[in-house]
Amino acid sequence: MSNGRYAVLGGDDANDEPLSTCEVLVLGHDEHWEVLLAMHESRSHFVCAAVAECKIVAGGYGRTPNVAAVLLRSAEVFDEVLGRWLQLPCDLPYDDGLIAMGSALL
């Protein structure tokens, strides 16, 4: 994130349930954690990339009501300027979703 901040996004809780929570560690003379808006979907084992003032997350494991873990095809971006998550307009091009991906800026 910008201004020397580090984001912690999603993951699993102690019960292996995917999370949508997002926190930011602010460093400096007054180190502290700040809560960001939650992602639209709970997700773990996803890919994350930072581009300019945006953080992009895609794929991973999610959870739907009354269903075991599902592979996600969705992607969303946190826009630091707007201060909110935006869902990307189309899913990943894989029918079964993706987990544990890598990322690179090209």
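Q: Which residue in β3 is the bridge partner of V24?
A: In β3, V24 has E34 as its bridge partner. This is a predicted model, in which local features need pLDDT of at least 70, side-chain atom pairs count only at pLDDT 80 or more, and totals for chains, interfaces and linings use all residues. Residues are numbered from 1 along each chain as its sequence is written, and side-chain values use heavy atoms, with hydrogens and water left out.

Q: How many bridges join β2 to β3?
A: Strands of a sheet pair through backbone hydrogen bonds, either parallel or antiparallel. Strands here are DSSP runs (E, at least two residues), numbered from the N terminus, and two strands pair if DSSP finds at least two bridges between them. Five bridges join β2 (residues 22–26) to β3, and the two run antiparallel.

Q: In what order do the strands of this open sheet lie?
A: The order is β1-β2-β3, with antiparallel pairing. β1 (5–9) and β3 (32–36) are the edge strands, each pairing on one side only.

Q: Is strand β8 largely enclosed or exposed?
A: Buried means under 20% relative accessible area, exposed over 50%, and partly exposed in between (1.4 Å probe, protein chains only). Five of the five residues of β8 (residues 75–79) are buried, so the strand is largely enclosed by the rest of the structure. A75, V77 and D79 point one way from β8, while E76 and F78 point the other way.

Q: Which strands are joined to β8 by bridges?
A: β5 (residues 54–58) is joined to β8 by five bridges, antiparallel; here K55 has F78 as its partner. β9 (residues 84–87) is joined to β8 by four bridges, also antiparallel; here V77 is partnered by L86.

Q: Which residues make up the largest nonpolar core?
A: A nonpolar core is a set of buried Ala, Val, Leu, Ile, Met, Phe, Trp, Tyr and Cys residues joined through side-chain atoms within 4.5 Å. The largest one has ten residues: L9, C22, V24, V26, L36, M39, F46, V57, F78 and W85. β2 gives the most to this core, with three residues.

Q: What is the phi of H45, and what is that of A52?
A: Most residues other than glycine have a negative phi. H45 has a positive phi near 55°, and A52 also has a positive phi near 55°. H45 sits in the loop between β3 and β4 (47–51) and counts as partly exposed at 44% relative accessibility. A52 lies in the loop between β4 and β5 and counts as exposed, at 77%.
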